[in-house]
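Me: I am new to this structure and would like a close look at one part of it. Could you pick out the main pocket and walk me through its surroundings?

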Amino acid sequence: DAMSANATAPAVSNRQVAGVCLGNAIEFYDFVTYAFFAAQIGRTFFPSDTPGLSLLASLATFGVGFLTRPLGAVLLGRFADRVGRKPAMLVSFGLMGVASIGLPLIPSHAAIGIAAPILVVICRLVQGFAVGGEVGASTAFLMEAAPASRRGFYTSLQAMSADLSALTAGTVGVILSSLMSDAALDAWGWRVALLFGAIIIPVGLVLRRTLVETLHPQAGDAEDIEIRVSYRRIAVAGVCLVAAATTTNYLLKYMTTYASSTLGMTTQYAFGATVVVGLCGAICAPIAGTLSDRLGRKPVMLVPWVLLALAVFPCFALLEHQRSATALYAACAILATASTLSSSVFFVVIAESLPQRMRSGALGLIYAVAVSIFGGSAQFTVAWLTQLTGSPMTPAWYMIGGVVVGLIAMSVIPETAPVKRKARANIGDDA
């Protein structure tokens, strides 16, 4: 069974798990920092006299980074399933490092003209390819490295590391916006924020080179017998789950831009929203993973997601009427807590439902397709619709659509927690 299969895997040290999480955090730091500084980057590379056009162009380029995620998921994911998780993660990390160092060093549009936005797009495409390959390989590694009774916790560390990257990026943004004028932040402050992530790249590379390999096909054969489900059903439900999670996630990351561009708040207060979202996510992700190991995956997914559905409109209504830092941080904390407690378990369920021989590639592709379609377009679409309608409630309507899709997917995804399957088996034996 899965227990014996897991037992044949080599022991993975805490240092190696930390290496995977650090690498994942660095990759997501560079990717999401762009979103936090979308307004400044827009004015640097996409100058325009039309109000809001630079921001839309910048957000569109942010979305470009999602176009190559499916390609990275297919190529690097398949590589991880055939050759190993470790080499795939090294390749994705190396590509992200090159793009992350290159993007903040690109001269402005005023200096080199049209070449500037072209180079930005190329860097975003490389970053998207790298992240597309990273998610499947790192999630598969964490699950396969875990004892069967702690898969939820180990796999949730992937989500925790991504949230830590958001927390770090937001903290950097708050510090820079406190120390620098808006003009300096536009001119070079955002470059400092992006280069900060590049500093840690050598550390992550060294840690990843020490990883053991968790891909063992002969052990996976026994594991595959345990769950007999339709992979088409898993793929469809998985895409819907990730689509729901990424819609909420990127709208929460958009709160910095939303607070400054729509609510008219200062840059410093706006970046505080990112800190709140990242902190709540980093705390709640491992809690959700641990609870899912003890209570089952579906209850931990369902209850917070229903609470999220009930909280969306009141939170945005509070923001529209108060437009204060207190209201912003309270709304972000409530939405981020409910979202993270549920969505951190999504990857656990999908990964456990897939056989080892295709886990990295299939998981990466499910993630990349959903994120490319829904995550890449979320911020641009919401910004455009907000400008079109003039309604600050636009993000709430968009978010609730993702929540409904997630609830539907939860109703068809199977329960995969070992504690629940063992309980069902014992009932069957007693009968």
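Reply: Here is a friendly tour, from the chain as a whole to the pocket and then to one residue. Please keep in mind that this is a predicted model.

Let us begin with the overall build. The protein chain has 21 helices and 0 strands. Of its 431 residues, 59% are buried.

The largest pocket has a volume of about 360 Å³. It is lined by 23 residues, and those closest to its centre are Ala39, Arg43, Leu55, Ser260 and Ser261. Two or more lining residues come from each of these elements: helix 3 (38-45), helix 4 (53-64), helix 14 (255-261), helix 15 (267-295) and helix 19 (359-389). Sorted by class, the lining holds 13 polar, 9 nonpolar and 1 charged residues.

Thr246 belongs to helix 13, which covers residues 231-253. Is Thr246 buried or exposed? Thr246 counts as buried because its relative accessible area is 5%, and the cut-off for buried is under 20%. Leaving aside residues up to four places away in sequence, Thr246 touches Ala370, Val371, Phe374 and Gly375.

Note on methods:
Residues are numbered from 1 along each chain as its sequence is written. This is a predicted model: local features need pLDDT of at least 70, side-chain atom pairs count only at pLDDT 80 or more; totals for chains, interfaces and linings use all residues. Side-chain values use heavy atoms; hydrogens and water are left out. Helices (H or I, at least four residues) and strands (E, at least two) are DSSP runs, numbered from the N terminus. Buried means under 20% relative accessible area, exposed over 50%, partly exposed in between (1.4 Å probe, protein chains only). Contact means heavy atoms within 4.5 Å. On a 1 Å grid over the protein atoms alone, a cavity is a set of points where a 1.4 Å probe fits but cannot get out, and a pocket is an open set with protein on both sides within 12 Å along at least five of seven lines; lining residues have an atom within 4 Å of a point. Grid points are joined across faces, edges and corners, and a volume is the space filled by probe spheres set on the points. Ala, Val, Leu, Ile, Met, Phe, Trp, Tyr, Cys and Pro count as nonpolar, Asp, Glu, Lys and Arg as charged, and the others, Gly among them, as polar.
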